[in-house]
Amino acid sequence: MDPTPLQFGFGFGLVSIGLLFLLLVVITLWQSFEIVDAYEKKTLTVFGEYRKLLEPGINLIPPFVSRTYPFDMRTQTLDVPRQEAITRDNSPVTADAVVYIKVMDAKKAFLEVDDYKKAVSNLAQTTLRAVLGDMELDDTLNKRQEINAKIRKELDEPTDEWGIRVESVEVREVNPSKDVQQAMEQQTSAERRRRAMILEAQGERRSAVEQAEGDKQSNIIRAQGEKQSQILEAQGDAISTVLRARSAESMGERAIIERGMETLEEIGKGESTTFVLPQELTSLVGRYGKALSGSDVQEMEGLDGKEFDDDTRKMLGLDDIDEILGQIEESAEMDVEELEKEAEAVKAGGAGADIKSADEVIQEMDEEEPTDGEVERET
């Protein structure tokens, strides 16, 4: 019998056993090491018994009898499905939210709760319904931060026992039913129409007050202008009268003198050598000669000129004509400047010292309106 096949079979068996042993060693080594990522921790159980938490990196564990359960230590987001609730004033609403959680103790999260994510999500749903049910409809729509704070407060105590921390709760949407939405839209539309009507009425009222104030200011300026015009016209008439009086005086004296000279000429043609002349004529002739030659004949003769007496000159203001003219010009310039300033103030929207603004007039009108009680008492 040839021993070669037996040797070959024995050698093949040894090689197979060696390969199996090597494979077993590799598998054992593979099962003996556990790699943990930097953002997680893993719980280790041996024969179903909790042993420890595996930190990030390479960890040596018993092979074949160990199991690990990973826990993400980063902040995680849980979507709370849309929930239906009835508010305290019996209005149906729907709402959904987002909860941000973080595993603080992986041992508690492993031992105290089955599935911490599902547990937190279900607890957030029931808490959301409870919080909305304790609030009025208007509060659920307006007090979003208050709802978030209440939900987070309700979640803190049970989640602490699970080793979970609720970092934030955000309610995304709170929607009332369609019927309530339509009623709210109608209410909002009616309120906006009411405000528009009030604003329009107030605008018309203010416009009327502003227009009345402008008319009043315009009438005041027009009256001041007419008054100043009348004063200037009266002063001009007075000066004109004085000047005409002077002109008449001068022309009258000249006419008398010329008529007297013609009479003297006729008398001189007669044969008589004695003549009787009126004193007024000699006085006029002397003054006329002084005016022509600049001599002092009138003073030497002691003749009085035909002038206005003191009372008449004072009444007419003949001695103050230059001063009056200067005052008139100065007054006219001042009045014109004042009128221009007032006109600019009116144009710019300003009011005079004795003119009230539109707001003051409206306030006085509102104060003067009797209340309902006063109207009843007056009635």
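**Exercise 1.** State which strand holds F33, and classify F33 as buried, partly exposed or exposed.

*Solution.* Step 1: F33 is found in strand β1; strands are DSSP runs of E with at least two residues, helices are runs of H or I with at least four, and both are numbered from the N terminus. Step 2: buried means under 20% relative accessible area, exposed over 50%, and partly exposed in between (1.4 Å probe, protein chains only). Step 3: F33 has 43% relative accessibility, so F33 counts as partly exposed.

The model is predicted: local features need pLDDT of at least 70, side-chain atom pairs count only at pLDDT 80 or more, and totals for chains, interfaces and linings use all residues. Residues are numbered from 1 along each chain as its sequence is written, and side-chain values use heavy atoms, leaving out hydrogens and water.

**Exercise 2.** Give the strand order of the open three-stranded sheet and name its edge strands.

*Solution.* Step 1: the order is β6-β7-β8, with antiparallel pairing; two strands pair if DSSP finds at least two bridges between them. Step 2: β6 (76-86) and β8 (164-176) each pair on one side only, which makes them the edge strands. Step 3: β7 (residues 92-103) pairs with β8 over 11 bridges, and V93 stands opposite P176 in β8.

**Exercise 3.** Find the strands that helix α3 lies across, and the angle of α3 to β6.

*Solution.* Step 1: α3 (residues 116-133) lies across β6, β7 and β8. Step 2: α3 runs at about 35 degrees to β6; axes are lines fitted to C-alpha atoms, for helices over the stretch in contact (heavy atoms within 4.5 Å), and angles run from 0 to 180 degrees between N-to-C directions.
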